[in-house]
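User: Could you walk me through how this chain packs? I'd like to go piece by piece.
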Amino acid sequence: MDISAWIERHAAYAPAKTAIAFAGREIAYAEFAAEIEQLAAALAHELGIGRGARIAILAYNRPEYLALLFACARLGAILVPLNWRLAPPEHAYILDNAGVAAVFCDAEFRAGLESIGGVLGDAHRIGFGFSGSGWRGYGALVEAAAGRDASRVGGPDDPILIVYTSGTTGHPKGAVLTQSALLWNAINSTAMHDLVSTDRVLTFLPMFHVGGLNIQTLPALHAGATVLLQPRFVPAEALAAIAQQRPTVTLLVPAVMKAMIEHPDWSRTDLSSLRIAGAGSSIVPIELIRAFHARGVPICQIYGSTETGPTAIVLRREDAMRKEGSTGTPALHCEIRIVDDQGRDVSRGQRGEILVRGGNVMTGYWRDPEATAAALKDGWFHTGDIGHQDEEGFYWIDERKKDMIISGGENIYPAELETVLAACPDIAEAAVVARPDPKWGEVPVAVVVPRPGASIDAAAVKALFVGRLAKFKHPHDVVFVDSLPRNVMSKVLRYKLRELVAGVQKPTA
Ligand code: AMP
């Protein structure tokens, strides 16, 4: 059975129930199922899409995004969501690597795609709300297949998504997720959120990322619930949607949490419909969690990556308040290990690399057997994240493995130093990275963005650590910058910081 059957079943159980609410329009399950079927017929008969073909989509969140995913599932085809924050040359790399037979695009991104048109070759070009000059309108495409059937050839083992990871180093890699991985992910997520058909799930995070698509949106459609879809995150609109559309569940990332909390509407927005808000994508600062807890909304972390679907470690509602900062326990159908550099399981309390195994994990990286072999061993995905379990068995994420600094044989976890820096009112943001050192191998260096108007020097930064952390962990140097380099997903690009501090050899104090 392919996963588009989820929608058909709910269309049979509750045809008039709203599957997706978008821009004032309510799409019932029966209507959504019919659109998927007709779109699948259009893909097959009008565009010649068959099993294994790749279709790219470059669009803000819209119902057709989800229709396209389920239509691909029916045909055994594969959707390649493109991150609209990337630049055209980055899209070109992905389109070339994935080898797409068709691309679906919002008007907003048309010019960008046309600027790299060569890489598309003779791939079909479909416009959401526009046509002409080689582009076919989405509406006309679907209309052309009216009354025609699409064969059902997709199944659980067929890849359904290639999601290119945001990549904090080098080129992006395409994680291949099968239909069955999405099912296991949905089951994990349903258990974590206690999702039921009466839930209303608010999605504003981008669906080009496994977070926006797989943590709550697809699981909600699997559960027969209603998805309240927004094109993208706009703080005022997200807060208004919470007040007016009364979602029971939503998903956040730290930058979104911060933007909401700092928005003038925050304190007067009624958040009482939310029984749970998920959060993840990077370490979630405790003060952001507490701001939501103070408003009675439990923040339930999800830990995982593109390669794990992502739902791997989850914090459930009953533990959210008392375990602030923890990512929780393994998802229902997911195994987790923490191992040392020799691959041996560490004892509770000790730090090591987190490994994930389960039906939700990718089958590999698209056309990259070498990277696949390095990341997946005996079914265990090596996350590159360092974490530990506390005495109750809850997991805490400490660091990226490659971010760890080894100085004179001692491990230094940048997060420990960054916590000290974050607490200083004169510092807007900061990160700590390694600089090669002839004596110690590596030494920690703090990269600091001072708060506007603050006057803080290197000596004052170094003084923050005295008496708080062991001397070998103290930063040997401080480099001041205007902002930290980040990738499109707002993750700090530490390799750029390492290059920066390696180039600034003269101590600033
Ligand atoms: P991506 O594949 O872009 O989703 O990035 C996955 C990475 O994000 C993981 O390997 C972690 O480093 C980080 N991450 C995701 N969720 C969490 C979380 N809840 N806490 C800490 N780090 C996280």
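This is a predicted model: local features need pLDDT of at least 70, side-chain atom pairs count only at pLDDT 80 or more; totals for chains, interfaces and linings use all residues.

User: Take helix 2, then. At what angle do the axes of helix 1 and helix 2 cross?
Analyst: Roughly 145°, and the axes come within 8 Å. The crossing of helix 1 past helix 2 is left-handed. On the helix 1 side the contact uses I7, E8, H10 and A11, and on the helix 2 side Y29, A30, F32, A33 and I36.

User: What's the make-up of that contact by class?
Analyst: Seven of its residues are nonpolar, one is polar and one is charged.

User: How does helix 1 sit against helix 9?
Analyst: Those two pack at an angle of about 45° with axes 8 Å apart, which makes helix 1 oblique to helix 9. W6, I7 and H10 from helix 1 meet L218, L221 and H222 from helix 9. That contact divides into four nonpolar and two polar residues, with no charged ones.

User: Helix 8 was in that cover too. How do helix 8 and helix 9 cross?
Analyst: Their axes cross at roughly 95° and come within 8 Å, so helix 8 and helix 9 are roughly perpendicular to each other. By class, their contact has seven nonpolar and seven polar residues and no charged ones.

User: Which residues do they bring to it?
Analyst: Helix 8 brings L182, L183, N185, A186, I187, S189, T190 and H193, while helix 9 brings N214, I215, Q216, L218, P219 and H222.

User: Which other non-glycine has a positive phi?
Analyst: A23 is one, with a phi of about 50°. A23 is in the loop between strand 1 (18-22) and strand 2 (25-28), and at 70% relative accessibility A23 counts as exposed.

User: OK, cores. How many residues are in the largest nonpolar core?
Analyst: There are 144, and the ones with the most contacts inside that core are F32, L43, F70, F104, L221 and M260. A second, separate core has 18 residues, among them I405, C424, I427 and L469.

User: What is M260 in contact with?
Analyst: Beyond its neighbours within four places in sequence, M260 contacts F204, F233, A238, L239, I242, L252, W266 and F292.

User: Where is the cis peptide bond?
Analyst: Between G309 and P310, with omega at about 15°. P310 is in the loop between strand 14 and strand 15 (313-314).

User: New topic: is D106 buried or exposed?
Analyst: D106 counts as buried, because its relative accessibility is 7% and the cut-off for buried is under 20%. D106 is in strand 5 (residues 102-106). Leaving out neighbours within four places in sequence, D106 contacts L58, A59, Y60, R62, F128 and F130.

User: Last one: where is H333, and what does it touch?
Analyst: H333 is in the loop between strand 16 (329-330) and strand 17 (334-339). Apart from neighbours within four places in sequence, H333 contacts W184, I187, N188, G358, G359 and N360. At 35% relative accessibility H333 counts as partly exposed. The C-alpha atoms of H333 and P485 are 36 Å apart, with 152 residues separating the two along the chain.

Key:
Residues are numbered from 1 along each chain as its sequence is written. Side-chain values use heavy atoms; hydrogens and water are left out. Axes are lines fitted to C-alpha atoms, for helices over the stretch in contact, and angles run from 0 to 180 degrees between N-to-C directions. Helices (H or I, at least four residues) and strands (E, at least two) are DSSP runs, numbered from the N terminus. Angles under 35 degrees count as roughly parallel, over 145 as roughly antiparallel, 65 to 115 as roughly perpendicular and the rest as oblique. Contact means heavy atoms within 4.5 Å. Ala, Val, Leu, Ile, Met, Phe, Trp, Tyr, Cys and Pro count as nonpolar, Asp, Glu, Lys and Arg as charged, and the others, Gly among them, as polar. Buried means under 20% relative accessible area, exposed over 50%, partly exposed in between (1.4 Å probe, protein chains only). A crossing is left-handed if the near helix is turned anticlockwise from the far one by less than a right angle, and right-handed if clockwise. A nonpolar core is a set of buried Ala, Val, Leu, Ile, Met, Phe, Trp, Tyr and Cys residues joined through side-chain atoms within 4.5 Å.
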